[in-house]
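Subject: Structure handover

Hello,

I am passing this structure on to you. Please open it first, then read the notes below.

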Amino acid sequence: MTISRDVKVTVNGVVHEKSVEPRLLLADFLRNTLGLTGTHIGCEHGVCGACTIIVNGDSVRSCLLLAVQMDGCEIETVEGLGTIHNMGVIQEAFREHHALQCGFCTPGMLITAKDLIAKHPLATDDDIREGLSGNLCRCTGYENIVRAVRSASDALKEKMP
């Protein structure tokens, strides 16, 4: 007998009401139940950062949370940042600065960058490196990622009143 729980979440501005097994990981819920495959699953231990999303304004590892814990929450995934035809500022900065290679870490990097830019002054590139240190990338050496985050941060600051 499978026990399920009803959850109601808002993901990228869209309300979803689903019945889920209590043990279903949030990452699997996003990918398999909602079809939002931009959230990548890497280590499944919260170490690599590939599954980073924003829940109620804070970046979190979706592989460490259960879908049932999200009842009533607002979630933003990488799909909420923009589309291929209408990229957001952070996505455009990553494209412009060639801040990806294989792309596996990119969704988590983009979401982490959004959270960093929103919450921290990022006065130096070392601040950016420290803020990104929980997201592993084996391809880029982080230089172009740091440049992209700096560029996005500067662009978003210019838009502020």
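Predicted model: local features only at pLDDT ≥ 70, side-chain atom pairs only at ≥ 80, totals over all residues.

Strand E3 covers residues 52-55 and strand E5 covers residues 74-76. The two pair in the antiparallel sense, over 2 bridges.

**The sheet.** E3 and E5 belong to an open sheet of 5 strands. Its order is E2-E1-E5-E3-E4, and the pairing is mixed. Strand E2 (14-20) and strand E4 (58-61) stand at the edges. Each has a single partner strand, so one side of each is left without a neighbour in the sheet. On average, neighbouring strands are turned by 40° against each other, direction ignored.

**Helix on sheet.** H3 packs on this sheet and touches E3, E4 and E5. The direction of H3 makes about 45° with that of E3.

**Helix on helix.** H3 (residues 106-119) also packs with helix H5 (residues 143-159). The angle is about 45°, and the axes are 10 Å apart. H3 is therefore oblique to H5. The crossing of H3 past H5 is right-handed.

Which residues meet there? From H3, they are Met109, Ala113 and Ile117. From H5, they are Ile145, Val149, Ala152, Ser153 and Leu156. By type, the residues of this contact of H3 with H5 divide into 7 nonpolar, 1 polar and no charged.

To look at H3 in the viewer, take both of its partners in turn: the sheet, through E3, E4 and E5, and helix H5.

Best wishes

Definitions and conventions:
Residues numbered from 1 in each chain as written. Heavy atoms only, no water. Axes fitted to C-alpha atoms, helices over the stretch in contact; angles between N-to-C directions. Helix = DSSP H or I, 4+ residues; strand = E, 2+ residues; numbered from the N terminus. Parallel < 35°, antiparallel > 145°, perpendicular 65-115°, else oblique. Left-handed = near helix turned anticlockwise from the far one by under 90°. Contact = heavy atoms within 4.5 Å. Nonpolar A, V, L, I, M, F, W, Y, C, P; charged D, E, K, R; others polar. Pairing = 2+ DSSP bridges.
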